[in-house]
Each structure stands twice: as structure tokens, then as C-alpha cells.
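Here is a short briefing on selected local features. Please have the sequence and model open.

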Amino acid sequence: MSNRPTSTTDAGIPAPSDEFSLSVGPNGPLLLQDHYLIQKMAHFNRERVPERVVHAKGGGAYGVMRITEDVSQYTKADLFQKGKETELFLRFSTVAGELGSADTARDPRGFAIKFYTEHGNYDIVGNNTPIFFIRDPQKFSDFIHSQKRRADNHLHDNNMQWDFWTLSPESAHQVSFLMTDRGTPKTWRNMHGFGSHTFLWYNAAGEKFWVKYHFKTEQGIENLTDAEAKAIAATDPDHHIRDLHTAIARGDHPSWTVNVQIMPFEAAADYRFNPFDLTKVWPHVDYPEITIGRFTLNRNPVNYFAEVEQSGFEPSNLVPGVGASPDKMLQGRLFSYPDTHRYRIGANYQQLPVNAPKVPVHSYNRDGSMRFANGGDPVYAPNSLNGPVADPSLYAGEDYHLTGDIVRSAYCRHAEDDDYVQPRALWENVLSETDRAHMVGNIVAHASAPEVTTDTKKRVVEYWANVHKNLGESVAKGLGVA
């Protein structure tokens with residue numbers, strides 16, 4: 001007698017056969033009453049949820065964060081208290097590529113963390129760069145469209161990318177990062193992560209601070225050259241997924257230090273750069289990084305679809321002690337991320353195990369497709385029937401004064417705000433001679449694609465000449481542009 005379990009329908013009913021459909025005689029037509037066949041076929045037709053429009057290709061793992069320093073003077077958030085250990089799930093990804101794209105493509109990498117805290121889930125949805133291509137969400141869908149496929153021939157088009165970038169000078173800082181070898185990290189384990197946005201921290205006394213998150217790899221930064229990245233893409237397009245899973249499986253658990261930059265609340269008003277502009281960093285000479293803990297990834301998902309593909313991260317998951325800032329890109333993401341999850345995996349996506357908090361949920365939300373934990377009465381608030389009630393005191397400190405007319409406008413410029421000053425500093429002060437040579441080579445190779453027009457190439461040269469004269473001259477020489 002076999003010890004193997006009996007296969008069943010999705011309702012748990014023993015299956016009639018794993019091999020044969022119900023037919024009229026061995027050679028006759030199939031019968032509609034073969035409900036097991038129909039269930040299998042119907043489910044197969046629906047077993048792919050829509051892929052993410054952005055960050056489609058990725059992988060992830062579980063871990064734990066431990067806080068080693070006392071930052072209670074800055075935030076009362078439970079997960080950041082000294083000695084606290086918090087379970088987490090981290091998803092890495094490429095940004096522009098589709099599900100079948102190569103892991104080593106030149107692209108920013110998503111770095112999204114879900115912390116399962118005692119006050120519910122806190123999500124930090126960032127990248128492996130501290131900045132981004134744009135500073136206003138009005139341009140986000142246009143930016144992503146420029147990275148995707150043309151309408152006519154359904155092909156990627158480098159001319160579209162350079163057309164958008166050169167007409168959006170605020171992109172220069174991020175494109176500079178992208179065109180260095182950091183645009184092709186060796187593995188997910190060998191890259192930093194960043195919250196990228198500026199966030200609000202407030203302590204138990206209601207005092208406020210601005211904060212940026214930096215997650216520094218303890219494995220060391222390692223990158224691929226353009227040639228190495230393309231060679232791996234040709235032989236192992238799932239290189240990063242394979243590397244992370246294999247490393248954790250063999251007990252080589254990757255880790256990152258958790259660093260923050262803290263800015264006094266009042267200092268933001270006249271800081272030399274706009275501290276809420278996602279295309280800018282806070283120079284460390286002004287606000288040094290402070291190490292407050294570390295996290296380690298120590299457990300692989302058991303099922304990729306259930307735990308990675310269906311994971312949902314949203315910057316709007318903010319716990320007491322943490323708030324949003326006036327960063328326009330962050331403000332747009334507060335809406336767009338949960339909205340895309342509702343479309344992609346359903347209104348009740350937060351009941352899926354990977355997304356579900358570790359604490360009880362007391363919500364007046366009800367029903368909807370696939371809901372299985374549905375609260376009873378009362379179904380409304382306020383009520384006199386002992387239903388849950390909000391506690392505004394938990395969020396005392398997140399409020400601050402704002403004033404101004406309703407306008408459609410760029411940010412007001414601060415003293416040293418300029419779209420090229422920080423990428424120029426990157427070129428002059430951070431990159432080695434080898435880094436610079438690789439950056440020029442990567443730019444020239446990308447902008448030499450046959451679809452890139454002569455006019456666009458001229459704008460590419462202008463774009464980089466604005467960053468630095470030598471960089472512009474080197475790109476011009478490589479592209480054959482006077």
C-alpha cells in the first residue's frame with residue numbers, strides 16, 4: 001500500500017484520475033460533466049496574475065532586524081527601539097524589465113522591506129540608489145513608458161529613453177548612477193539599499209525629525225562590467241534569483257547594517273538643497289550616517305508565487321512614530337502602490353500570509369473577492385456595540401503646519417538646488433578613473449543603438465556636458481558628435 005497522499009480537487013474531494021478525461025467510450029468526445037478536468041483547465045487559464053507594471057522580475061527572502069542603538073530621542077516607533085528584533089520580508093527586483101527579463105540588465109534594483117511589527121506592518125519601499133529619475137509623480141507613468149516597449153513594433157527603444165532623460169534634466173543624477181557599474185550589481189547580496197525618500201520621525205514627546213534610510217551591504221559592493229552582465233544574461237538570466245536562494249540555502253545568510261541620516265525638523269526650510277527632492281541626496285558632510293542596527297536574511301520562501309509574486313509593499317504602511325514627508329514622489333506613491341495591489345491581486349491582498357500582519361486586525365472593511373477573515377457585527381463606526389475604536393494619541397507628533405496657495409508648480413529652489421551639481425560631485429569626487437571610463441563606455445554603447453537619432457545623440461552630449469565638460473567631451477567623441 002502506497003504512503004503517498006490521494007490527489008484531490010481544490011475542494012479536497014478525491015480526484016477521479018490524474019491522467020484520463022471522461023469520454024463517451026475510449027474514442028468518443030469528452031463530457032462537460034467531467035468537473036475535475038474543467039476545474040484543472042479553468043484554473044490553469046487563470047494561474048498567472050497580471051505581472052507588476054514596474055518591478056515585475058524579482059526574488060525575496062525572510063529575515064530579522066535587530067536594533068542595537070537607542071534612537072528613542074528621534075522616534076517612538078516600536079521596531080526602532082534598542083534591543084528590538086523584528087521579522088521582515090525583503091523583495092529585490094529590477095525596475096523596467098518584464099517577468100522574463102534578465103536579472104543582470106542595466107537597471108535600478110528595487111529594495112522593498114516589509115517589517116512585521118507589533119503595531120502592524122511597516123513597509124520601506126526603496127531602491128539600490130538613494131535618488132530617482134524624477135521629482136514629481138505627474139511624470140512617473142511617462143518615465144516608465146519610455147523604458148518599456150514602443151506602440152508600433154513592440155520593441156524596446158533606447159531613443160525613447162534618451163529622449164525622455166535629456167528633456168528631463170532632473171534625471172541626470174540617477175542616470176549617472178545607472179551608467180556606472182552600479183547599474184549592473186553582481187548579486188543582490190552585493191548592493192546597498194535605500195529608503196530613498198525623506199520620512200518624518202517623531203518621538204514620544206511629539207518632537208519631529210526628518211530621516212533617510214540607508215541599508216549597507218556587509219558582503220561588500222561588487223558590480224559587473226557591461227560585458228560581464230550581458231554574458232550572464234545570455235547564460236543564466238535568473239542569476240540573481242538563483243544566487244540569493246542558493247546562498248541562504250547553504251547557510252550563507254546575507255546581512256546589511258541599518259543606517260539613518262537625521263535632520264532637525266526646522267533645518268529643512270532653508271537647507272541648501274531641497275531635502276524632499278528625490279533627485280537629491282543629503283551630503284554626509286552635513287548629516288552623517290548613524291548606524292542603529294542590522295538585518296539578516298535567513299529563510300527562503302517555500303513557494304515563489306504565494307510569497308514573492310503575491311507580496312505587496314506600500315509606502316502608506318506607516319506605524320506610529322513614522323510619518324510621510326512633503327516629498328511629491330512619496331505622496332504619489334502613498335496612493336499608487338496599494339491601488340496597484342488591489343488591481344493585481346485583489347482587494348483582500350493583505351490577508352495573504354506574506355502580506356498579513358502578525359498582530360490581530362480590527363477593521364470595518366468587509367467582504368470583497370477572496371475574503372476569508374470577515375469580521376462580524378458591528379459593521380460600522382461609530383457604534384455603541386463594543387466595536388474597535390481608533391486611538392489618535394498614538395499618532396500625536398505626526399502633524400505639522402503647512403500653508404500656501406493651491407498651484408501646479410515645481411519645488412521652490414533652495415540655495416544650491418541645481419540638477420547637475422550632485423551628479424558632477426559624483427563624477428569628480430566619488431568615481432575612480434576606471435569607474436569613469438566604464439561610465440563613458442556604458443553611455444556610448446547605450447546611446448549608439450541604431451534607433452537613437454542624430455538629434456537625440458546631440459542632446460545626449462549636451463546632457464552630459466552639463467554634468468561635466470570632460471564627460472561631455474568623452475561621450476561626444478564616442479558617439480562621433482562634434
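Serine 196 is buried, with a relative accessible area of 7% (buried means under 20% relative accessible area, exposed over 50%, partly exposed in between; 1.4 Å probe, protein chains only). This is a predicted model: local features need pLDDT of at least 70, side-chain atom pairs count only at pLDDT 80 or more, and totals for chains, interfaces and linings use all residues. Residues are numbered from 1 along each chain as its sequence is written, and side-chain values use heavy atoms, with hydrogens and water left out.

**Backbone**
- Serine 196 has a positive phi of about 70°, although it is not a glycine.
- Serine 196 lies in the loop between β5 (193-194) and β6 (199-202); helices (H or I, at least four residues) and strands (E, at least two) are DSSP runs, numbered from the N terminus.
- Asparagine 386 also has a positive phi, near 65°, and counts as exposed at 80% relative accessibility.
- Most residues other than glycine have a negative phi, and most peptide bonds are trans.
- The peptide bond from aspartate 377 to proline 378 is cis.
- A cis peptide bond also joins alanine 381 and proline 382.

**Strands β3 and β4**
- Strand β3 (residues 109-117) pairs with β4 in the antiparallel sense over eight bridges (pairing takes at least two DSSP bridges).
- Eight of the eight residues of β4 (residues 120-127) are buried, so β4 is largely enclosed by the rest of the structure.

**Glutamine 261**
- Glutamine 261 sits in strand β8 (residues 255-264).
- Glutamine 261 is buried, at 1% relative accessible area.
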